[in-house]
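Here is a short briefing for someone meeting this structure for the first time. Please keep the sequence and the model at hand while reading the points that follow.

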Amino acid sequence: MDQSPDLIFRTLADPTRRSLFERLCREGEQTVGALTAEAGISQPAVSKHLGILKEAGLVKDRPEGRQTHYSAQLKALGPLVDWTQQMARFWESRFDDLDDLLKRMDQ
Amino acid sequence: MNHASPQLRTVTVEREFAHAPEKIWRALTQPHLIEAWLMKNDFVPALHHRFKLQGDWGAVDCEVLEIEPQRSLSYTWAALGLDSVVTWTLTPTAAGTHLRMEQSGFRPDQDQAFHGAQYGWNKFFGALEQVLA
């Protein structure tokens, strides 16, 4: 799976999708019906958001009889963790260089 | 501070420097000095000025969002397919200056959306960190 932080950020930028994903993280696997009951939007709208979350690898679906169950895929958040770790290392090293520069500016 | 829960959205680096805010401000805003510790650039300390930081690995597209001399500086940071905002805050201390850099990853389409998004992301990652903790 080639997920970029960009795709994940874009997918979760929508407050409704983010709240659906957040609920799946918090409460575990849910049916579309159960998610719709609390989402305040129509079932087709919920299904559409779940489809977009699925394309981004953020949720997995499991059909069972007439129902489809959705669960959150926390592994998909990996690129975000990678991004913050990379940037933290980048800035720490830039701060070191800034420190060196400030000392040179004294002279 | 609790280091157990991962900070997914924001990168914060803080350090105390034995130098006056005025001097650190120069290092953050004068192109030849920025180049000495960060990257080659065409920075101008003016609101909405667009500039590029040129790294060995590619360019970062930036736009100045906020500027308050010797206190704070904020610019967008678009690189590697991700838009974010870098904010510098300088606080005078007895020994010199406390410098804080915060980089937040999300798309600030406009000011209002920026604050809305910031609120949403904070809430989201707060909830998520509880799940992951």
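In this predicted model, helix 2 of chain A meets helix 4 of chain A through T16(A), R17(A), L20(A) and F21(A) on the one side and V46(A), H49(A), L50(A), I52(A) and L53(A) on the other. Sorted by class, the residues of this contact are six nonpolar, two polar and one charged.

- The axes of helix 2 (residues 15–27) and helix 4 (residues 43–55) of chain A come within 10 Å of each other, and they cross at roughly 75°.
- Because angles of 65 to 115 degrees count as roughly perpendicular, helix 2 of chain A is described as roughly perpendicular to helix 4 of chain A.

**The sheet in chain A**
- Three strands of chain A, in the order 1-3-2, make up an open sheet whose pairing is antiparallel.
- Strand 1 (30–31) and strand 2 (59–64) of chain A are the edge strands, each of them pairing on one side only.
- Strand 1 of chain A is joined by two bridges to strand 3 (residues 67–72) of chain A, and the two run antiparallel; T31(A) stands opposite H69(A), which belongs to strand 3 of chain A.
- Helix 2 of chain A also packs on this sheet, where it touches strand 1, strand 2 and strand 3 of chain A, and its direction makes about 85° with that of strand 3 of chain A.

**The nonpolar cores**
- The largest nonpolar core has 24 residues, of which L102(A), I24(B), A27(B), L28(B), C62(B), W77(B) and L99(B) touch the most other members.
- Elements of both chains each supply at least two residues of this core, including helix 5 (78–106) of chain A and, from chain B, helix 1 (21–29) and strand 5 (72–79).
- Helix 5 of chain A gives the largest share of this core, namely five residues.
- A second, separate core of 18 residues includes C25(A), L35(A), A72(A) and L77(A).
- Leaving aside neighbours within four places in sequence, W77(B) is in contact with V60(B), C62(B), S84(B), V85(B), V86(B) and Q103(B).

**T76(B) in strand 5 of chain B**
- T76(B), which lies in strand 5 of chain B, counts as partly exposed because it has 18 C-beta neighbours inside 10 Å.
- The C-alpha atoms of T76(B) and E66(B) are separated by 9.9 Å, while the two residues are 10 residues apart along the chain.

Methods:
Residues numbered from 1 in each chain as written. Chains lettered and ligands numbered in written order. Predicted model: local features only at pLDDT ≥ 70, side-chain atom pairs only at ≥ 80, totals over all residues. Axes fitted to C-alpha atoms, helices over the stretch in contact; angles between N-to-C directions. Helix = DSSP H or I, 4+ residues; strand = E, 2+ residues; numbered from the N terminus. Parallel < 35°, antiparallel > 145°, perpendicular 65-115°, else oblique. Contact = placed C-beta atoms within 7 Å. Nonpolar A, V, L, I, M, F, W, Y, C, P; charged D, E, K, R; others polar. Pairing = 2+ DSSP bridges. Core = buried A, V, L, I, M, F, W, Y, C linked by C-beta atoms within 7 Å. Buried ≥ 20, exposed ≤ 12 C-beta atoms within 10 Å, placed from the backbone.
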